[in-house]
Amino acid sequence: MKKSSDTAMLPLESEDAALLMGKKIRMARRIREMTQQHLADATQMSLNTVVKMEAGHPGVQFGFYLKALWALELVDDFINQLGKVGINETEFSLVESNLPKRVRQRSKR
């Protein structure tokens with residue numbers, strides 16, 4: 001049986017993140033008094049995709065979440081929060097500059 005991204009299981013923590021993001025998008029949309037159809041039209045997504053996204057469905061493409069955040073004028077907040085995850089911008093630049101350009105599989109000896 002073929003597994004699609006719609007039915008793929010996520011780790012529980014990832015499911016929680018998708019649910020939370022969906023809830024935040026839904027709340028932001030409602031605060032702005034937008035219908036789901038209006039958000040779908042603004043992002044060129046189907047109504048079904050918006051419904052699934054707000055429900056935190058794991059099969060919704062990440063790019064659609066970004067489109068919704070943009071349409072709701074939240075993408076800058078998302079980028080700022082993402083910058084706080086892991087290491088800060090200065091550390092990130094330093095670490096990135098010291099990483100190899102490519103990672104190759106090591107040969108077995």
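Hi everyone. Helix H1 gives the most to the lining of the largest pocket, with six residues. This is a predicted model, so to speak of local features we need pLDDT of at least 70, side-chain atom pairs count only at pLDDT 80 or more, and totals for chains, interfaces and linings use all residues. Residues are numbered from 1 along each chain as its sequence is written, and side-chain values use heavy atoms, without hydrogens and water.

A few terms. On a 1 Å grid over the protein atoms alone, a pocket is an open set of points where a 1.4 Å probe fits, with protein on both sides within 12 Å along at least five of seven lines; lining residues have an atom within 4 Å of a point. Helices are DSSP runs (H or I, at least four residues), numbered from the N terminus.

Now the largest pocket: it holds about 360 Å³ of space, a volume being the space filled by probe spheres set on the points, joined across faces, edges and corners. Of its 13 lining residues, Met21, Lys24, Leu69, Phe78 and Gln81 lie nearest the centre.

What about the second largest pocket? About 180 Å³ of space lies there. Its lining includes Ser14, Met21, His57 and Tyr65. H1 and H4 (62-71) each supply at least two residues, and H1 has the largest share, four.

Thanks, everyone!
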